[in-house]
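Please look over the sequence and the three-dimensional structure shown here before reading on.

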Amino acid sequence: MKISFVEPHLRLFGGIRRIIELANRLSAMGHEVTIYHSDGSACEWMICKAGTKPAATLFRDKHDVLVYNDPNPRDFVLVQFARARLKVHYTLGLYAKHLLIGHDPRLFLPRNRKTFILKLMLQAPHLQLSNATWMREWLKENMNVDTSLVIGGVNREMFLPVPVRKNPGEIRLLSSGDPRNNKGTDLVLQAVQLAKQEEPAIVLDQYHGKALPQARMAQVYSSADIFVDGQNSGGWNNPVAEAMACKVAVVCTRIGAVADFAFDEETALVVPPNDPEAMAAAILRLARDPNLRESLRESAYCRISQFDWDKSAAEFAEILESAMAGRN
């Protein structure tokens, strides 16, 4: 199949990682895969085996399958007028999802444009996919939108436990440090400050903005005793999944983005969103109980190993082939 993805760019973002991981494996399976984006430049931060072209050239080519996901007006318009046997909307996240229900007039405010475009995409007569179980269930229950599930994965060649030297006098915490509002960095900082009052050995590190090469990320994760994530919304939580794949004990918030793999007291300590006291208490539990850290990280590693990009790509291709056959 000639499979084309439409993306706003190929910069380092979780959603872009998911598309490139899928595109790489679909290419390895023998499909002709192209990513159309902004200026069509090559990806600079991870290997991309798919071809890349400027988005403006999308109309020149014919496509068997055209996949889009980012809720921006340019991509949505491009897809409407491009020539493809099958058009696919792949939902990677739900933004301000309360506005998607019914006919909320706030949807038309300029600050909610992203959610407005997302609703148009979900209502389009295209094959609908979702990236996580919670998302598929929410869309069916609240919008009566049926989606096929193509769940996220972890690249275990990139994210794996590696030996590192640790200071026995420290409890090393790691978080992403992403400043975007939904990433919960302020919550993590508040919780760590509270925890340090009772356990001064706690040291926090963050990796956002340091331009670390992807080849070093396994070492960065593995250097931590505890990974802490405070997101209040999201589609599929890459950082928590990556930390688990590196065998790091996790404290995270109870949101749909982790529901497929973060089970409280089994694979992580899961706390309510926006609750620094609860997060601080969970951090202290893990800081003081190495046996619990060991139990959680081993269970989490086993769980996250089930989420494999090769498997996801095979399921993705099967869904596309079935849909194409149904339209012949």
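## Basis of the report

This is a predicted model, in which local features need pLDDT of at least 70 and side-chain atom pairs count only at pLDDT 80 or more, while totals for chains, interfaces and linings use all residues. Residues are numbered from 1 along each chain as its sequence is written, and side-chain values use heavy atoms, with hydrogens and water left out.

Helix H2 spans residues 73–81, and its buried residues are Asp75, Phe76, Leu78 and Val79. (Helices, H or I with at least four residues, and strands, E with at least two, are DSSP runs numbered from the N terminus; buried means under 20% relative accessible area, exposed over 50%, and partly exposed in between, with a 1.4 Å probe and protein chains only.) These residues cover an arc of only 160° around the axis, which puts them on the same side of H2; the arc is that of the directions from the helix axis to the C-beta atoms. Their cover includes strand E1 (2–7), strand E4 (62–68), strand E5 (83–91) and helix H3 (113–123), where contact means heavy atoms within 4.5 Å.

At the start of H2, the backbone nitrogen of Arg74 has a side-chain oxygen of Asn72 within 3.2 Å. Such a polar contact is a pair of N or O atoms within 3.5 Å; within protein, one must be able to donate a hydrogen and the other to accept it, and residues adjacent in sequence count only if both atoms are side-chain atoms. Val77, which also lies in helix H2, is partly exposed, with a relative accessible area of 44%.

## The setting of His31

His31 is found in the loop between helix H1 (14–28) and strand E2 (32–37), and His31 is buried, with a relative accessible area of 13%. A polar atom of the His31 side chain lies 3.2 Å from the backbone nitrogen of Met1. When neighbours within four places in sequence are left aside, the residues in contact with His31 are Met1, Ile3, Leu26, Ala317 and Glu321.

## Salt bridges

The model has 18 salt bridges, each being a side-chain nitrogen of Lys or Arg within 4 Å of a carboxyl oxygen of Asp or Glu. In one of them the side chains of Asp104 and Arg106 meet at 2.6 Å, N to O; Asp104 counts as buried at 15% relative accessibility, whereas Arg106, at 40%, counts as partly exposed.

The side chains of Asp308 and Arg156 also meet in a salt bridge, at 3.4 Å, N to O. Asp308 lies in the loop between helix H9 (290–304) and helix H10 (309–327), and Arg156 in the loop between strand E7 (148–149) and strand E8 (171–175), so the pair ties together parts that are 152 residues apart in sequence. Asp308 is partly exposed at 21% relative accessibility, and Arg156 is partly exposed at 32%.

In a further salt bridge, the closest N and O atoms of Lys166 and Asp225 are 3.4 Å apart. This pair links distant parts of the chain, with Lys166 in the loop between E7 and E8 and Asp225 in the loop between helix H6 (217–222) and strand E10 (226–229), 59 residues apart. Lys166 counts as partly exposed at 38% relative accessibility, whereas Asp225 is buried at 15%.
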